[in-house]
Amino acid sequence: MSRVSIVGGGNVGANAGFFIAEKGVTDVLLVDIQQGLSRGKMLDIMEAAPIRRYRNTLAGSDSLSDIEGSQIVVIAAGAIRSPGMRREDLYTVNAGLIRNLAPQIARLAPQSTVIVATEPVDSLTTLFFQQSGMPRARVLGLGGILDSTRLRVLIARELDVSTEIVSAIVIGRHSDDMICLPRYCSVSGVPLPHLLAPERIAAIVEETRTAGDLVVEMAKRSSSYYAPSAAVAELADSIHMNLNRIFPVSIVLDGEYGVTGAALSLPAVIGEKGVARVLTPELTPQEKEVFMESARKIDAAVKGDARGARAGGAAGGAS
Amino acid sequence: MKVAVIGAGNVGAKAVYYIAEKNIADIVMVDVVDGLARAKALDFLHAAPVRGYEGKIRGSTDFAEVEGSDVVVMTAGIARKPGMDRMDLLKTNVGIARQAAREIARRAPNAVVIVVTNPLDVIAMVMLRETGFALRKVVGMAGVLDSTRFRYFIAEKLGIWPGDVQAMVLGGHGDEMVPLTGYTSVGGIPIGQLLDPASIEALVTRTRTGGAEIVSLLKSGSAFYAPGASVAKMVEAVIKNEKRLFPASAFLRGEYGFSDIYLGVPVIMGRNGVERIVELPLTEAERSALEASARAVKKGLDELAGIQEG
């Protein structure tokens, strides 16, 4: 069986292992520098295997070198937000981690597809791409998939329909400048504007923008992790099974909407080679302007970091 | 929860299979052919240890088994064979539907009835009248099948996962279906941004003749996997009260400008059957295609009136 390695044994990492186990898709290796932590968590999950009928093996390790040969590597390590913090505030501390991990992952699992789940995801996906030298198709960030799944939930709640039949696209930066595209949101193919009044759509879009902040505020000591780890499992499934499913993910842009070099979310076809194809829905001039402005912010963050860069920390066990 | 499937032919049995795999209800199959439903139920039960089925599965010739069902799927009826007169088919299937309807009304008065037997829009009307059920409780399955075929063909063309394609179709089944390409999207992106009009038209044509394509390949018999899966999806929406938006044949009272007929329209399916009919703005071409579809259904209803008098 192929293997997904998850770096960082906190809530996102461990629950991604859990969701992958439930799907029974691949083996999982959870790596954390904190002695015993990842082995303990994976053992806990494996002890449910007879009841939940897991077919795959989940293991833990304290050593990054054990990720060798993985098909998929998830980066779920790093510091998380406290209430009141913006995702961007985490850049300096987590950039060190990415600088440390990127060359090692490129060396140990050169054929892998890497999923960056550490915040701020777009800047760190850009940084990982630069530092690893891996092709852009195999470096993705957990961005728009989270915003779009939150938007789907809110649309389904508003219309009292099943979440599964709601599709939604959120592109751009995984931050307060995310771009929700209600006209590309649909329920069994019926575009949202046919089903919901403009002011209700605006309210839902606004709620989506702050949905991640709300979880941080309510949970106080943790940020959201169920939705992110479920999203990781879906991406891993689509890569491993070569499903070519479409998810908005953060990817280093190569001319899309005139942007090159920064990672931002766009709907992408995800298969065994990572991103098989990037889709570029038609945007209004205003949406394009927001998109380009978000790219400039990413560029500024990553370039600023390059100037003041110093050796980063090791793979962290943050949750 | 309990689901009854009337008719243990290929579509009925395959619907039972897909429902059984979902582990959402006890299932009973009823067929007038002696031993057929029992044999197929037994075959399913033999697979239960391997597949881990949780519900009971029974087969019988006795309509008493329908007792207390939450959902009844009507698949019984004869299929049209080459050379068979249309009216003969109609008379036979109307007769079968009437008998089933009386039994359903008596034994499962709270059930949602999903009609699959052809001619679908006419048999649904027979079922509605003979059961005396509320309008929302009797619905026909055709649009889910047409749209799943359309979705598959689009996914195949673009090389992407079929589950990411959403599509809506209106009107009658097969030749009379009205695909709404403006309401068809891939990962939310309208199909018109990904395929040129000629390619879309080719996929529409293939969808219209999707059933015939299978028939011509099989030589004898017709499709039953996709129809069975489509039935199971609708059953699940009712059992789990999912409020899914499906294209389905529903009784219209002015929606889309039609009254007193069954016609394929977008509906929200839940515990009460058709929870709501969704009205969408249509283009002129779509509207006239839908009118043609409605005329065909009306013609069928006129024929039905002829049977009732005779």
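The model is predicted.

Start with strand β2 of chain B, residues 26-30. Of its 5 residues, 4 are buried, so the strand is largely enclosed by the rest of the structure. It has strand partners to consider. Strand β1 of chain B, residues 2-6, runs parallel to β2(B), and 5 bridges join them. Within this pairing, V5(B) has M29(B) as its bridge partner. Strand β3 of chain B, residues 57-60, is also parallel to β2(B), with 4 bridges between the two. Here V30(B) is partnered by S60(B).

Now follow the connections. Helix α2 of chain B, residues 36-51, makes a right-handed β-α-β unit with β2(B) and β3(B).

Next come the cis peptides. In chain A, E119(A) and P120(A) are joined by a cis bond, with omega about -5°. P120(A) sits in the loop between β5 (113-116) and α5 (121-132). In chain B, the bond from N118(B) to P119(B) is cis, with omega near -5°. P119(B) belongs to the loop between β5 (112-115) and α4 (120-131).

Finally, look at two asparagines. N242(A) is not a glycine, yet its phi is positive, about 50°. It lies in the loop between α9 (226-240) and β12 (245-254) of chain A. Its relative accessible area is 32%, so N242(A) counts as partly exposed. N241(B) also has a positive phi of about 50°. Its loop runs between α8 (225-239) and β12 (244-253) of chain B. At 34% relative accessible area, N241(B) is partly exposed.

Conventions
Residues numbered from 1 in each chain as written. Chains lettered and ligands numbered in written order. Predicted model: local features only at pLDDT ≥ 70, side-chain atom pairs only at ≥ 80, totals over all residues. Heavy atoms only, no water. Buried < 20%, exposed > 50% of the residue type's maximum accessible area, 1.4 Å probe, protein only. Pairing = 2+ DSSP bridges. Right-handed = clockwise from strand over helix to strand, strands pointing away.
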